[in-house]
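Notebook open, structure loaded. I wanted to look up charge pairs, a helix contact, the annotated domains and a few loop residues.

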Amino acid sequence: MNAINEDIPKDGTGVIKLDPWLEPFKDSLKARYKKAQDWMTTINETEGGLDKFSKGTEKFGLNVDKSNNITYREWAPNATHASLIGDFNDWNRESHPMKKDPFGVFEIVIPAQNGKPAIPHKSKIKISMLTPSGERIERLPAWIQYVTQDLEVSPVYDARFWNPPASERYVFKNSRPKKPESARVYEAHVGISSPEQRVATYKEFTKNVLPRIKHLGYNVIQLMAIMEHAYYASFGYQFDGFRFDGVTSMLYLHHGIGTGFSGGYHEYFGPAVDDDAVAYLMLANEMLHQFYPETITIAEDVSGMPALCLPLSLGGVGFDYRLAMAIPDMWIKILKEKKDDEWDMSNITWTLTNRRHGEKTIAYCESHDQALVGDKTIMMYLCDAEMYTNMSVLTELTPVIERGLSLHKMIRLLTHGLGGEGYLNFEGNEFGHPEWLDFPRAGNNNSFWYARRQFNLTEDSLLRYQFLNEFDAKMNDTEQKYGWLHSSQAYISLKNEVDKVVVFERAGLVWVFNFHPTKSFADYRIGIEVPGTYRIVLNTDSKEFGGFERVDNATRFFTTPMEWNGRKNFTHVYVPNRTAIILAMELTL
């Protein structure tokens, strides 16, 4: 970005300076940019600006003024009649009719009674509506802030008016955290964040899970399903920023269905693109970054649309990151279809590094998608049934468990080091959680057995889950020190398909991976660009991570000034089978 001249075009074509291959599509870039700017002008003129327009909760739903009058608004353009019903009026459909404005918004003001709100805190409410056909329907208000469910009575949720006294309202005590240089994202769901068979609370998450996340070294927390929803098994996402799901479906009129993306730029412009959706995403990102400058926005996109993660000022869509969705697909495909000695080092490293220059990516080995019922996590693919019989240190370390522990660490480290400018992990996957995720639903008799995370497994000194947990913490701690996620993309000097060895350099570190299932290599020559004395800063074979300690972490590695594998120097290392080590300059320790 620093290479871009200060005289950026004001018409949305600034991205061409980063990617000259976009030149043939400058008219489309201009049109997208103009559409977004036109909408911004319209919103400024008619809605009081983006900031006010974005604060829908202050207009819609139930709001209480200083005199305790309650105003309720609901957008329901197809309804012919609406009324507010609830405990406060004995569910009378006639006593509190709402008025409809020309834009389809129904409104009612409920005056205070004796200076107090007419609707008590936590009392049940609904909106009752008539459709054009005369059918009566009753729904939970779309902007309701609190819902409850009593499974002993019904799986249906109840909407409750949330208006606690001032003494019970939470007041933020700290400023928003600064945007980190390296985003290490912990993807979590508050409700499942307990070993117990119930919905965990935010207070429990704060007390029990936040310290765990801090210990693991993650600095961004992505919370799923932060808003109450009529179906607990649904997913939603929220952190100090926003993850936009299904962006590919939004960007294209074909929604990505039955369509492959070859990478040809013609696929990202023209009649197949939903320009209104592109303009919306531009506006959303511009609003978020303008009013909340420390926010992070992430796009779930599989198409690879150019400029998706560049600012609007350049003609980009404005996201900070996109998810590297091809990476987890690759790992699962390899584990399902390939024998260990068939792993293709070139294909693996190509997939991990295949991303747009100048646009940041969040890499991950697996997310909640792989943890859900019907699929398998990486650890389940690696160890399957033996996870239930041989994860105790008192039982035999079988070849299956040995392989599982080794590859689980190596897959994560390689993805962390090569895959992007950020890294994401779904809670529990860091230590190889032994069971899938399945929320209470009719199909499982509303069971919570699989809607939980068994963090207690890492706290038992007799279980091997602790080794994976501590490796994850050490991996993130090492990134915190050396900052490879916000460094330039790696230089890969070796992809040996026979030896199954990968060597690369990033952030001044030298990474050596031996994926071979049986062969260890002594005095293995590797290329290093910067001369000096190196030491091991991370070793997947360390005993503290469940390894065999076959490599002495105190070993000093001296470079020799002779070109090797395209690097100016070389050194020799010992790399046991299914082991990865990271070397750093001794003076950095």
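Predicted model: local features only at pLDDT ≥ 70, side-chain atom pairs only at ≥ 80, totals over all residues.

I started with Asp 38 and Lys 34, whose side chains meet in a salt bridge at 2.8 Å, N to O. For the term I used a side-chain nitrogen of Lys or Arg within 4 Å of a carboxyl oxygen of Asp or Glu. Asp 38 and Lys 34 sit 4 residues apart in helix H2 (residues 26–47), so about one helical turn separates them. Helices (H or I, at least four residues) and strands (E, at least two) are DSSP runs, numbered from the N terminus. Asp 38 is partly exposed, its relative accessible area being 37%. My cut-offs there: buried is under 20% relative accessible area, exposed is over 50%, and partly exposed is in between (1.4 Å probe, protein chains only).

Residues are numbered from 1 along each chain as its sequence is written, and side-chain values use heavy atoms, with hydrogens and water left out.

How many salt bridges does a search of the whole structure find? I got 31. As a reminder, side chains of opposite charge can pair when their charged atoms come close.

Next I looked up Glu 479 and Arg 184, which form a salt bridge at 2.5 Å, N to O. Glu 479 is in helix H12 (residues 465–482) and Arg 184 is in strand E10 (residues 183–188), so this pair ties together parts that are 295 residues apart in sequence. Are Glu 479 and Arg 184 buried or exposed? Both are buried.

Then I checked Glu 505, which has a salt bridge to Arg 567 with the closest N and O atoms 2.7 Å apart. Glu 505 belongs to strand E19 (residues 501–506) and Arg 567 to the loop between strand E23 (556–558) and strand E24 (569–575), so the pair ties together parts 62 residues apart in sequence. Glu 505 and Arg 567 are buried too.

I also noted a network of salt bridges that links Asp 19, Asp 301, Arg 322, Arg 356 and Glu 359.

**H4 against H12**

Back to H12, this time for its helix neighbour. The axes of helix H4 (residues 202–216) and H12 come within 7 Å and cross at roughly 60°. The axes are lines fitted to C-alpha atoms, for helices over the stretch in contact, with angles from 0 to 180 degrees between N-to-C directions. H4 and H12 are therefore oblique to each other. That word covers what is left after under 35 degrees (roughly parallel), over 145 (roughly antiparallel) and 65 to 115 (roughly perpendicular).

Which residues make the contact? H4 brings Arg 212, His 215 and Leu 216, and H12 brings Asn 469, Glu 470, Asp 472, Ala 473 and Asn 476. Contact here means heavy atoms within 4.5 Å.

**Annotated domains**

UniProt (unreviewed entry) puts "domain: Glycoside hydrolase family 13 N-terminal" at residues 59–143. I found 0% helix and 41% strand over residues 59–143, with the end C-alpha atoms 10 Å apart. UniProt, again as an unreviewed entry, has "domain: Alpha-amylase/branching enzyme C-terminal all beta" covering residues 491–584. Residues 491–584 come out at 0% helix and 52% strand, and their end C-alpha atoms lie 15 Å apart. Caution for both: annotations may be inferred rather than shown by experiment.

**Loop residues**

I found Ala 76 in the loop between strand E2 (70–75) and strand E3 (81–86). Ala 76 is buried, at 12% relative accessibility. Leaving out residues up to four places away in sequence, Ala 76 touches Lys 100, Gly 104, Phe 106 and Met 129.

Cys 365 is in the loop between strand E16 (360–363) and helix H9 (368–371), and is buried with a relative accessible area of 1%. Cys 365 and Arg 412 are 47 residues apart in sequence, yet 6.4 Å apart in space, C-alpha to C-alpha. Apart from neighbours within four places in sequence, the contacts of Cys 365 include Pro 328, Trp 331 and Tyr 423.

Last, I looked at backbone angles. Most residues other than glycine have a negative phi. Lys 122 has a positive phi of about 75°; this residue is in the loop between strand E5 (105–110) and strand E6 (124–130). Glu 549 has a positive phi as well, near 55°, and is partly exposed at 35% relative accessibility.
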